[in-house]
Amino acid sequence: MVPVKRIVLNSRPGKNGAPVPENFRVEEGTLVPDLEDGEVMVRTLYLSVDPYMRCRMNEDTGTDYLTPWRLSECVDGGGVGVVESTRCGALNEGDVVTFFSWPWQTHAVLKGTVLQKVDPQLVDGHLSHFLGAVGITGLSAFFGIREKGHVTKDANQTMVVSGAAGACGSIAGQIGRLDGCVTVVGICGSDQKCRTLVEDLGFSAAINYNTEDVPARLRACCPGGVDVYFDNVGGTISDAVISQMNHSSHVILCGQISQYNKDVPYPPPLSEEISEVLQRKNITRERFILLSYTDKLDAGLYELSQWVKSGQIKALEMVTNGIENIGDAFCSMMKGGNIGKQIIKISEWKN
């Protein structure tokens, strides 16, 4: 018998409500490691909390590719763990594995076929990077820019990133610079975040939307207009950026965190004025889903890992210890309390 802690959805915040830690509940129990053929028992090392999870707290996620979490059932999301026992021929004890729908438990029994074995050397043993810069988060930034951004070297392009100090935005701005954007401007919510973007991550400039006039600062930072906009937030900030975009420019529609506590479809509808700007200037604004690029994922992960290893991309993380604190970490992240990727450390990895 293995003692287990798990997190279940205790209540829903409501379609228009902000999540609170009390929406989650810690339960304790035991796990019988009586494996069937094809199963493995894993010990959880790290869990991820991400903005898209807010949609899963509703009875209807508003999308066709995300299922809602069920009340009083274990929550799931991105996770990394180590195989402790196995009846799956493809996995051995000690293998490090990851899964997009990892249960928020300290231990779990899973089908081996759903797990992806990963090489710790790919991240120099920094296993939490498999949930961030060298995982789904990094891939979202990578393919958003490569497939929807149309960044061209030597084209003197300007990129703006909203939610720029978050997990995806902080990576996206660095990729934009590496891929050839001459100017990369980040929009975020504090002076500390602005300093991090410019001094640590190599952004050209940063704008604090809480204290500065965003349209005026955009005009100053992007005198030639905006060619690529990596949109993580939506709302009035995105309206301000789109209003200053050039003809035939591109919006990379990655997230809309400012709208996730509202009962609106995804992507949220734009105002008539902004819709007219998109049409008049021939600006593309398309959803992209990572699952559309499955044949390119391994190559993308390898390129991301090389950038992180070489220091060309800095992977920022905020680590919260203990599964019992995951609700607090999630709610803080939804309010912008994180710089970089918010990670929950569940247990130690012994190589």
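In which sense do β12 and strand β13 (residues 284-287) pair, and over how many bridges? The pairing is parallel and extends over four bridges. The model is predicted: local features need pLDDT of at least 70 and side-chain atom pairs pLDDT 80 or more, while totals for chains, interfaces and linings use all residues. Residues are numbered from 1 along each chain as its sequence is written, and side-chain values use heavy atoms, without hydrogens and water.

**View A. Pairing of β12 with β13.** His250 stands opposite Thr284 in β13. Strands pair if DSSP finds at least two bridges between them; helices (H or I, at least four residues) and strands (E, at least two) are DSSP runs numbered from the N terminus.

**View B. Pairing of β11 with β12.** Strand β11 (residues 226-231) and strand β12 (residues 245-253) run parallel and are joined by five bridges. Tyr229 stands opposite Val251 in β12.

**View C. The largest cavity.** One cavity of 30 Å³ or more is found in a search of the whole structure, and the largest cavity has a volume of about 60 Å³. A cavity is a set of points, on a 1 Å grid over the protein atoms alone, where a 1.4 Å probe fits but cannot get out; lining residues have an atom within 4 Å of a point. Among the lining residues are His129, Thr137, Ser170, Glu317 and Lys341. Helix α3 (residues 167-179) gives the most to this lining, with three residues. Because domain 1 (2-132 + 315-345) and domain 2 (136-291) both give residues to the lining, the largest cavity lies between them; the domain bounds come from an automatic or database domain assignment.

Notes:
1 Å grid on protein atoms, 1.4 Å probe; cavity = no way out; pocket = protein on both sides within 12 Å on 5 of 7 lines; lining within 4 Å. Points joined across faces, edges and corners; volume = space filled by probe spheres on them.
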